[in-house]
Every structure is written in C-alpha cells, then in structure tokens.
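This report describes selected features of one protein structure. The sequence and the coordinates are shown first.

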Amino acid sequence: MNIKQYFEDKGIDYKVSGSKNVSRGWINIQCPFSYCTDHSNHMGINLRSTGWHCWICGTGHQDIAFLIKELEKCSLGKARSIIKKYDGDILYRDEDYKPASKLWMPTGIKNDWNHSIHLEYLKSRGFGQKTIDKFQLQPIGEYGYYRYRIFVPIFINNKMVCWQAADIIRNGSERIPYLSCPPNKSIMPINECLYNYDSIKDKVIIVEGVTDVWRLGDGAVATFTKNFTREQILLLKKKNIKEAFVFYDSDAVGQSKKLANTLSGIFDHAEYVALDKGDPADLTDDEVKKLKKELGFKIN
Ligand SMILES: [Zn+2]
C-alpha cells in the first residue's frame, strides 16, 4: 500500500525518517486510538511490511487494515477497499531494514495448559492437545500486552524465526485477533514467513491464517493476511512443489485468484479453491479428509 499517498490525500500529518521519533524505514503519525495519550507522532508504520505500532500505547498489528479502520472509523471491509485503491505491491523496499539476530519473545508465556481458558478456547474451535503438541502452542497468561493470547511459533527450516499471538477473548472489535512479533524484532518479518512451511512436500494448500493450518495440517501453509508478498512466493519456490491450491477465506476470491494466477507461472499446476462461506478453519475433520483426498494428498 502506498501509505504516504494515502496520508497526503486524507490530509493526515505524517513525519518521515529523520524527523523526531521516526526511525529509518518508518513513517509516523499521531496515534488515532482514543485511549492513547500520544500528542505528537508515535504511531509508526513500517514502510516495508506496513505493520504498525504505537510507541506510547503499544497498539499494533501487521495488517494495515486495522489502522485504516481506526483512522476512517469504518468497517474492516471498507478499510480493505480503501487499501486496494492505494494498491501496488504491499511491499516498499527499504534497503536499510535489518532483521534481528535474536528473536524477541513476549512476556507471560506459560508452560501449563491445565485449567486454562486458553484450552477452553481451543476446544470451542474444535482443537485440542494434538494441535497444541503439533504446533508447539503455549498459553500467554493474564498480564502484559500479550495477555490472554496463544503463543504461535513460526518455524522456517526448523528454526523459530517469528511468532504470532492469537487472541482467545474475541470480544467484538476491541481486541486485535492476531498480534505478530514486530518486524525489527523478528529473525524473519512475518510477511516473509509461511506458517507450517516445513510440512510442504510436492503439493501445497495456501491459506490465510494459522487456525486454517491447524485444521488442514501437513501440506497447508498460511500467509497470515490476504496480501501475500513476493518473499513468500520466493520461499515457496524453494520447495519442489508441483501443485498449489489457494484456499483463502470466502471473502477473498480476488486475492485467491491473483495468487493462483501468480503461482501458475511457477508451478505445473495452481488453482484457487472456492469456499461457499466462512474459513477453512470452520471445516469438519471429515470435510478436511475429503478435500485433501480430492486434491491428491496422502491421508494418514
Ligand atoms: Zn497509541
């Protein structure tokens, strides 16, 4: 997204790097959240990832749509349509960007799932101990910015390079569903990662979110948003993939087609799989088995 042009058009005062409070590779505005005490320009938007973060109140997300939603006081859907108008690849190359050498971890991670509302939440979504073990999930306790979330490590080539923290409360739009490790504190920024990457063999199903991957299992990877990046495609290219199936949520047919179209130039076969409604995460185990069988996956 061309965020600078958007701020220009909206008459939103922004500061570029070199100004006070603004790091290299970021663009800053006044934090728009009502509970924040920012009187200057502490809301930083990373020009490379368009992830954003307020240095006063700590609110942040890797998806720019949540910030646009707040700035425009509009729905998430409307925010996404605005972003589309300022399209171009979401990435803005910032050559100064340097990944962290050590992955930063959120505070409050626990080892114990016993009697936790985190486990209740997972169960309510149809997941359980098997998912916890397979994806090395951990509950985050009741304190700190990441409280009441599930820690979801992201591995690339067996190395933890980034993470997400999934909300378990889901009280309307108050809480952001997924917080990600900030790009400058990640070994790989979230929008260059593919969740469950190491499980890919010769076929891949590409979904949006980590819960979709939990449901679909081996061979499924998540891009974290509907806005896949060039880096994610390059990562896929490193695997010996023959067939790719794009399986985004039912509200993202346009992005599904775009990704399938891009991948069809790289792999022998690429197509998008249309869902009538909802997310892949809503499928039952039987539906998943049937689907994977139809796509030619080995079912164990
Ligand atoms: Zn703020």
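The text below treats the metal site, the sheets with their helices, and the aromatic side chains.

The structure is a predicted model, and the values that follow are computed from it.

**Metal site**

Four cysteines supply the protein donors of the zinc ion: Cys31, Cys36, Cys54 and Cys57, each through its SG atom, at 2.2 to 2.3 Å from the metal. The angles among the four donor atoms run from 104 to 115 degrees, and the site is tetrahedral. Along the sequence, the donor residues follow the spacing C-x4-C-x17-C-x2-C.

**Five-stranded sheet**

An open, antiparallel sheet is built from five strands in the order S1-S2-S3-S4-S5. Its edges are formed by strand S1 (15-16) and strand S5 (60-61); each has a single partner strand, so one side of each is left without a neighbour in the sheet. Strand S4 (residues 52-54) pairs with S5 over two bridges in the antiparallel sense, and histidine 53 stands opposite glycine 60 in S5. Helix H1 (residues 3-10) packs on this sheet, where it touches strand S2 (26-29) and strand S3 (43-46), and its direction makes about 25 degrees with that of S2.

**Four-stranded sheet**

A further open sheet comprises four strands in the order S6-S7-S8-S9, with antiparallel pairing. Three bridges join S6 to strand S7 (residues 149-156) in the antiparallel sense. Isoleucine 140 stands opposite arginine 149 in S7. Helix H4 (residues 117-124) lies across S6, S7 and strand S8 (159-167), and runs at about 70 degrees to S7.

**Aromatic side chains**

The count of aromatic pairs comes to 14. Which residues do ring pairs link into a cluster? The cluster consists of Trp104, Tyr145, Tyr146, Phe151 and Trp163. Of these residues, tryptophan 104 also has lysine 185 over its face.

| Lysine | Ring | Distance from ring centre |
|---|---|---|
| Lysine 185 | Tryptophan 104 | 4.2 Å |
| Lysine 292 | Phenylalanine 297 | 5.5 Å |

Terms used: Residues are numbered from 1 along each chain as its sequence is written. This is a predicted model: local features need pLDDT of at least 70, side-chain atom pairs count only at pLDDT 80 or more; totals for chains, interfaces and linings use all residues. Side-chain values use heavy atoms; hydrogens and water are left out. Two strands pair if DSSP finds at least two bridges between them. Contact means heavy atoms within 4.5 Å. Axes are lines fitted to C-alpha atoms, for helices over the stretch in contact, and angles run from 0 to 180 degrees between N-to-C directions. Rings of Phe, Tyr and Trp (its six-membered ring) pair if their centres lie within 6.5 Å; planes under 30 degrees apart count as stacked, over 60 as edge-to-face and the rest as tilted. A charge sits over a ring if NZ of Lys or CZ of Arg is within 6 Å of the ring centre and within 35 degrees of the ring normal. Donors are N, O and S atoms within 2.8 Å of the metal (3.2 Å for Na, K and Ca); water is not among the atoms, so sites may look incomplete. Four donors count as tetrahedral if all angles lie between 85 and 135 degrees; four count as square planar and six as octahedral if opposite donors are over 155 degrees apart and all others between 65 and 115; anything else is irregular.
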